[in-house]
Amino acid sequence: MQQLNTKQRLLNVDAVRGFALVSIMLLHNLEHFDFFFKPKNLPNWMIQLDQTIWDSTFFLFAGKSYAMFAFLFGVTFFIQMNNQAKRGNDFRLRFAWRLLLLFMFGMVNSAFYEGDILTLYAFVGLFLIPFAKLKSKVVLIVAFLLFLQPFEIGKLIYYLQNPGIEVGDPQSWAYFGKLNEYIPESSLIETIKGNLTNGKKAVWLWSWENGRFFHLLCLFILGMVASKKNLFVLTNKNKRFWLKVFIVSIILFIPLFYIQKNLIGSIDDKAIRVTVKAIEKSWTNFAFTFVLMSGFLLLYFSKFWQKILNIFSPMGKMSLSNYIFQTIIGTTLYYGFGFGLYKYTGATYSLLIGIVCSIILITFSSWWMKNHKRGPLEQIWHNLTWLNSKK
């Protein structure tokens, strides 16, 4: 199979990123952008349909979409580092500046939606910089240790040695419980204030409690190594590699999912049960993430599927813009300061709204990228990244 030129070579990465973004958008719509509310007085058939759609969508994408997005963050990091290295430049310091800019974009996004991931990426991305020039074997060992969830394993060892310790509810729950104080209200100012104070505490605590910080850095590192190894080039060798990833991921996922659904609940000690659940769930999501991503990339080797999957590419090329656009659109639709649709839409209608919003943003992205080199926010990010630089 012929090696593609650089522009073509990245289309599959853009397509995966666009697919991840669409799946994130569908989840956010089902959740009413973190404001969980079930409409009242629905017929039984609608309640059952809502539950089926909720369970299916969360099984497919919850904990996996953000992971694909994170993996591709590492891919982009290496591409930027490598491109600058070819010009004789060390990109690490400027990447740190770029992360600060991303954090600022994330704070804008957080003003509308507390569940923002950009600020998390910006923070964890700083820890990726020291690995930029280390050997792949070294960083893969670190990635494996991060995958294991070392903090949770340490807690588990402690609880096993000290059975019967009482643990309370996660700290994040108290902050999530305060959403009712400002999300249903009609004041945009109060919503912004609540999201940037209470909301940020809730999400960062929740991310820590669920091992997101360790897995984010793990995924960043894996994406960096995959990009370094040119694993996205359409060659027969890489096709075999992604097929192996697909098979191994399924083999790992099946027993992990069985354990999650059938065995963890039988652990009597609450502290041990909660900790094992956090570790096991992160492993299960990790495995299924690579089932989805490798399956997508394998399909991309087919010219027929390329034409279909490239529908996501324009959206992936301007993922920063689309991530923030979908937040502004979604919160305006569901929150009290906007149309307040959270009161009327269960999972079925929310999924349909998410699909319509995805089609609109895909269409807009396709039009925009035909007329511009970068997305609107990507261009601002690029210009600020290279401020006062000769590039």
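1. In this predicted model, helix α6 (residues 118-125) is mostly covered, with seven of its eight residues buried. These are Leu 118, Thr 119, Leu 120, Tyr 121, Ala 122, Val 124 and Gly 125. Their packing partners are α4, α5 (92-112), α10 (188-209), α11 and α16 (319-334).

2. Two of those partners, α4 and α11, also meet one another. The axes of helix α4 (residues 65-86) and helix α11 (residues 212-228) come within 6 Å and cross at roughly 45°. That angle makes α4 oblique to α11, and the crossing is right-handed.

3. On the α4 side, the residues in contact include Tyr 66, Ala 70, Phe 71, Phe 73 and Phe 77. On the α11 side, they include Arg 212, His 215, Leu 219, Phe 220 and Lys 228. By class, this contact has 15 nonpolar, four polar and two charged residues.

4. Phe 71 and Phe 290 form an edge-to-face pair, 5.6 Å centre to centre with 90° between the planes. Because Phe 71 lies in helix α4 and Phe 290 in helix α13 (residues 270-300), the pair ties together parts that are 219 residues apart in sequence. Both Phe 71 and Phe 290 are buried.

5. A further pair joins Tyr 335 and Phe 337: the ring centres are 6.1 Å apart and the planes stand at 90°, so the pair is edge-to-face. Tyr 335 and Phe 337 are both buried.

6. Ring pairs also link a cluster made up of Phe 69, Phe 73, Phe 77, Phe 91, Phe 95, Tyr 121, Phe 220, Tyr 323 and Trp 386. Of these, Tyr 121 is one of the buried residues of α6, while Phe 73 and Phe 77 in α4 and Phe 220 in α11 belong to the contact between those helices.

Methods. Residues are numbered from 1 along each chain as its sequence is written. This is a predicted model: local features need pLDDT of at least 70, side-chain atom pairs count only at pLDDT 80 or more; totals for chains, interfaces and linings use all residues. Side-chain values use heavy atoms; hydrogens and water are left out. Axes are lines fitted to C-alpha atoms, for helices over the stretch in contact, and angles run from 0 to 180 degrees between N-to-C directions. Helices (H or I, at least four residues) and strands (E, at least two) are DSSP runs, numbered from the N terminus. Angles under 35 degrees count as roughly parallel, over 145 as roughly antiparallel, 65 to 115 as roughly perpendicular and the rest as oblique. A crossing is left-handed if the near helix is turned anticlockwise from the far one by less than a right angle, and right-handed if clockwise. Contact means heavy atoms within 4.5 Å. Ala, Val, Leu, Ile, Met, Phe, Trp, Tyr, Cys and Pro count as nonpolar, Asp, Glu, Lys and Arg as charged, and the others, Gly among them, as polar. Buried means under 20% relative accessible area, exposed over 50%, partly exposed in between (1.4 Å probe, protein chains only). Rings of Phe, Tyr and Trp (its six-membered ring) pair if their centres lie within 6.5 Å; planes under 30 degrees apart count as stacked, over 60 as edge-to-face and the rest as tilted.
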